[in-house]
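Here are my notes for when you open this one up. Have a look at the model first, then read on.

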Amino acid sequence: MCKMNLGVNIDHVAVLREARRVNDPDILQAMFVACESGADQITIHLREDRRHIQDIDVKNIMINSKLPVNLECAIDKNILDIVCDMKPHRATLVPEKREEVTTEGGLDVFNHSSKICYAVEKLHDSLIPVSLFVDPTMEAMQKSKELGAEMVELHTGAFANIFAMLYANLSHSNHSIKELELPRYKLETMLENELKNIKEASVYAKKLGLEVAAGHGLNYANVHYMMDIEEITELNIGQSIIARSVFSGLSEAIKEMKKLTTR
Ligand SMILES: CC(=O)[C@@H](O)[C@H](O)COP(=O)(O)O
Ligand SMILES: NCC(=O)COP(=O)(O)O
């Protein structure tokens with residue numbers, strides 16, 4: 001069995017900070033806690049709209065991190081210039097839409113191949129290894145190899161959404177995913193198919209000599225499926241870890257404030 005590396009995505013600490021535009025919670029503290037707690041990598045996404053991570057965060061994290069930094073970025077000239085300047089241990093190219101809630105799907109490696117090829121070459125010129133965040137299909141693995149990437153990160157969002165509709169009572173909440181409102185037996189088949197796609201894409205990517213990571217929407221209930229796919233050697237997980245930390249820390253935080261406000 002290969003070792004599985006955990007990349008901890010700390011973007012959502014910055015989401016909370018940006019809600020007040022004060023330096024609390026401190027992204028560097030999140031990075032130190034991740035490092036002390038056994039993370040193998042720090043993952044951050046410098047979005048074009050700067051909704052969470054800011055340029056100064058990338059700089060501070062690059063200066064202070066004892067762990068490798070995986071910097072996710074869109075194929076945009078200004079962003080790529082910043083990434084080349086910051087020299088992270090790896091850049092992961094991801095698709096971005098300004099109005100999206102989160103990254104919806106992988107890079108379109110077929111229709112945007114010349115832009116992607118240019119970005120890969122530019123990053124390589126700055127000695128930065130490149131991963132492509134792609135949907136789990138054999139064709140995308142083949143194309144990623146042709147485009148010169150060293151690694152792929154399989155977008156597990158579709159898998160995670162189907163899992164949530166099946167097992168997290170999402171269908172009964174106002175966050176229900178309308179496109180997935182189907183009978184359970186259909187969702188079960190869809191989940192099986194999605195896992196098959198992830199497995200087949202991983203096997204093929206490894207055969208092509210690509211390193212294989214996976215991420216997006218992975219959480220405490222669904223991550224075990226990824227552990228069964230031995231070709232995957234890295235998981236990048238963010239939102240669920242930050243969400244879980246609220247409840248592992250909320251009680252202590254209230255008690256501490258209660259002490260300060262008791263006469
Ligand atoms: C590319 C990816 O999957 C992560 O960067 C994720 O997108 C982070 O969260 P946000 O989508 O909220 O920026
Ligand atoms: N690339 C995926 C990632 O970094 C984390 O995604 P999520 O766990 O926040 O959905």
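1. Which residues are around ligand 2? They are N9, T43, E153, G215, H216, G217, L218, N236, I237, G238, Q239 and S240, going by C-beta atoms, placed from the backbone, within 6 Å of the ligand. Two elements give two or more residues each to this shell: β8 (234–237) and α10 (239–260). Elements here are DSSP runs numbered from the N terminus, helices being H or I with at least four residues and strands E with at least two.

2. A word on provenance: this is a predicted model, where local features need pLDDT of at least 70 and side-chain atom pairs count only at pLDDT 80 or more, while totals for chains, interfaces and linings use all residues. Residues are numbered from 1 along each chain as its sequence is written, and chains are lettered from A and ligands numbered from 1 in the order in which they are written.

3. Around ligand 1 sit N9, D11, H45, R47, E72, V94, T102, T103, F133, G215, H216 and G238.

4. Eight strands close into a barrel, ordered β1-β2-β3-β4-β5-β6-β7-β8, with parallel pairing (a pair needs at least two DSSP bridges). For instance, four bridges join β5 (residues 130–134) to β6 (residues 151–155), and L132 has V152 as its bridge partner in β6.

5. The D24 to P25 peptide bond is cis, with omega near 0 degrees, and P25 is in the loop between α1 (11–18) and α2 (27–36). L127, in the loop between α5 (113–125) and β5, has phi near 65 degrees.
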